[in-house]
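Subject: Handing over the structure

Dear colleague,

I am passing this structure on to you, and I would ask you to keep it open while you read the notes below it.

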Amino acid sequence: GELDPDQYIEMTWEDQVPGAGIIQAYPSGSIFTLDELVDLVAIYSDNTAANLLIDAVGGGEVITPHMHQLGFYDTYVDGKYYNTRDGYFYTTPADAARLFALLYNDRINGEPWDEMYIEKLFQNSHNFLRQFIPYTTTGWNKSGLGATEQNDVATFVTPYGSYSLAVYTDDPWNYSAVGTQMGNLSLRIHE
């Protein structure tokens with residue numbers, strides 16, 4: 001509630017980074033609202049949009065203490081994608097799963113913000129942990145892919161209660177099988 005979702009952010013060529021996403025190919029000077037940037041991060045894992053959001057909220061000196069205040073003591077945002085000369089960013093699967101659990105209970109930003117973000121996560125472009133879950137269970141997730149990793153965190157709401165799950169990989173032997181393996185693991189936990 002401290003920032004206006006309709007606030008405009010201008011992207012410069014210095015903001016554009018490679019990797020996941022779509023706006024790194026847009027021309028310098030392109031304008032996005034904060035809400036559009038959140039969409040791009042939630043749905044497409046857009047690295048350029050993520051960096052613009054990191055700057056918009058005040059950088060690591062604001063984000064890291066806020067994460068620690070929320071109880072995410074293994075989460076640090078002291079840099080940006082493809083620009084780690086000033087620091088780094090890091091989290092654990094435990095912190096990621098806890099964040100999703102708190103998000104489900106409106107304990108990150110509160111109403112209506114947490115629900116609005118969950119609606120965006122339903123559209124995530126990869127759904128490793130959700131892919132084999134029965135339709136009677138509601139679930140949303142945020143995946144992350146890189147050259148040497150595939151990660152996913154999700155929350156599931158079942159008729160018997162809710163739970164959150166995070167799976168991170170690092171340099172798997174068979175990269176192409178990881179998505180299916182995560183889906184099978186998630187289904188076994190669900191069962």
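Predicted model: local features only at pLDDT ≥ 70, side-chain atom pairs only at ≥ 80, totals over all residues.

Salt bridges

Side chains of opposite charge can pair when their charged atoms come close. In this model the count of such salt bridges comes to three, and two of them involve Lys120, which pairs with Asp35 and also with Asp39. The closest N and O atoms of Lys120 and Asp35 are 3.0 Å apart. Lys120 belongs to helix α5 (residues 113–121) and Asp35 to helix α1 (residues 34–44), so this pair ties together parts of the chain that are 85 residues apart in sequence. Between Asp39 and Lys120 the distance from N to O is 2.4 Å; this pair, too, links distant parts of the chain, with Asp39 in helix α1 and Lys120 in helix α5, 81 residues apart. Taken together, Asp35, Asp39 and Lys120 are linked in a network of salt bridges.

Asp55 sits in helix α2 (residues 47–56) and Lys80 in the loop between β3 (76–77) and β4 (89–90), which places the two 25 residues apart. Asp55 is partly exposed, with 42% relative accessibility, while Lys80 is buried, with a relative accessible area of 18%.

Two serines

A polar atom of the Ser186 side chain lies 2.7 Å from the backbone oxygen of Leu129. If neighbours within four places in sequence are left aside, the residues in contact with Ser186 are Leu129, Ile133, Phe156, Tyr163 and Leu165.

Ser143, which lies in strand β5 (residues 138–145), also counts as buried, at 4% relative accessibility. The side chain of Ser143 makes a polar contact of 2.9 Å with the side chain of Asn124, and its contacts beyond four places in sequence include Ser45, His126 and Phe128. The C-alpha atoms of Ser143 and Ala154, which are 11 residues apart along the chain, are separated by 8.5 Å.

Note on methods:
Residues numbered from 1 in each chain as written. Heavy atoms only, no water. Polar contact = N/O pair within 3.5 Å; in protein donor to acceptor, adjacent residues only side chain to side chain. Contact = heavy atoms within 4.5 Å. Helix = DSSP H or I, 4+ residues; strand = E, 2+ residues; numbered from the N terminus. Buried < 20%, exposed > 50% of the residue type's maximum accessible area, 1.4 Å probe, protein only. Salt bridge = Lys/Arg side-chain N within 4 Å of Asp/Glu carboxyl O.
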